[in-house]
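Hi everyone, thanks for coming.

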Amino acid sequence: MRGHDQDAAAMEDYLRAGEQRAAALGNRGRIRFNPDGSLHEDIVEAYWRCGFYIFEDVLGADELADIEADVIDIIDRLPSEQGSPVDAKGRPALAADCQGATLFWSKPLGDPFGGTDLASGRHPVKMSEPEAAVDAPQEIVYLILGDLQFSEACLRAYGHPQLLAVAAQINGEDFVPFNEALFLKEPGRVASVAWHQDGATHWDSPNWDQGSHGFNFMGQLYGCTAANGVWVVPGTHKLGKVDIKAMAAAAGSDRLPDAVPMICAPGDVAICNRQALHGSFANTSEDWRVTINFGFHRRSSVLGVKGGGLHNAPAVYDAARIAKRARVIGYGIDARRQRFPDETPFAYKPFVDDGAEYHWNETAKADLKDYNMLDLSI
Ligand SMILES: O=C(O)CCC(=O)C(=O)O
């Protein structure tokens, strides 16, 4: 049996080798558009080849400061323990009055999903669970769904004109929302996310292709490293469902040999195909990772499709449901316009076609409560 030190040394080698493989992929740089507004072909090629791309320097210093302030406030307002209606200061806890799924807890450095039937068993392999410090809390929040109702700064990032333009290029100008999440990867504490492919609905569709289950943007507040970041096995988004158990068995551990880390500086935003095999290790590093995660789909992947069950209740997604959920894009665009008036706001084609207008104000804020119960989860 391997000892703790051998595993730590093997992990260290794995991180360094992964960094080198990642650097060789040629899938990072600033967001670039051609004069006609199309996304630069080098980006399009690298995204579809690898299944992910790192957009550098997307969120500016002001925006990151806003997000940091909101994240600190969110953490401060978390329930004092799972199920508690109050935070550590005795105030009503964040999300205590929400009906939708919001806070996800795990034991420190644990793996809540790997090797279980949870989430339709899509995380078949248990990740290694390093020992946490004795003074670590019993459980910590590592993931918050529906986070735009708790953070205007995250809502404004959601309305980022260049990111929405990328979404229109990848998923079509009538693209639709998926969901939003905040991953809080506290150093020395926070759990792994076991290897998985997202997507539940279209794996066996006759017209399945490499983009059927959309993508997630992953904006980085503090940046991310090989040790605390998300790892991806490049190209797996093209392969259909891969045999994760067999891959881990062949590797002899959870260190899949072809995987690469998404390495980002503060303000970088990765785009990651949801079909790509990906996961993250328990954060035994000394660095925080805070990821502002938001995904988009092709309308054709969602309209008339029965989804849900993983993030919210199952339902058939009709045009009215999609339009209602897409109002959050409108709020994001307007919230951003108010904070960054010099930017040209994104024009979302479905709003232009319908003449729909959304204003970010107190009524809209109230309207965001539990908005994620309408997530378009496929
Ligand atoms: O941020 C992470 O650690 C995992 C992200 C992930 O699995 C996802 O967005 O699907």
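The shell residues around the ligand divide into three nonpolar, five polar and one charged. Here Ala, Val, Leu, Ile, Met, Phe, Trp, Tyr, Cys and Pro count as nonpolar, Asp, Glu, Lys and Arg as charged, and the others, Gly among them, as polar. This is a predicted model, where local features need pLDDT of at least 70, side-chain atom pairs count only at pLDDT 80 or more, and totals for chains, interfaces and linings use all residues. Residues are numbered from 1 along each chain as its sequence is written.

Who surrounds the ligand? Phe183, Val193, Asp198, Asn216, Val230, His278, Ser280, Thr291 and Asn293 do, each being near it if its C-beta atom, placed from the backbone, lies within 6 Å.

Now to helix H2, residues 41-50, where Ile43, Tyr47 and Cys50 are buried. Helices (H or I, at least four residues) and strands (E, at least two) are DSSP runs, numbered from the N terminus. Buried means 20 or more other C-beta atoms within 10 Å of a residue's own, exposed means 12 or fewer, and partly exposed is in between, with C-beta atoms placed from the backbone. Just after H2, Gly51 has a positive phi of about 90°.

Finally, where is Asp57? You'll find Asp57 in the loop between E2 and helix H3 (61-76). Asp57 counts as partly exposed because it has 13 C-beta neighbours inside 10 Å. The C-alpha atoms of Asp57 and Arg299 are separated by 29 Å, and these residues are 242 apart along the chain.
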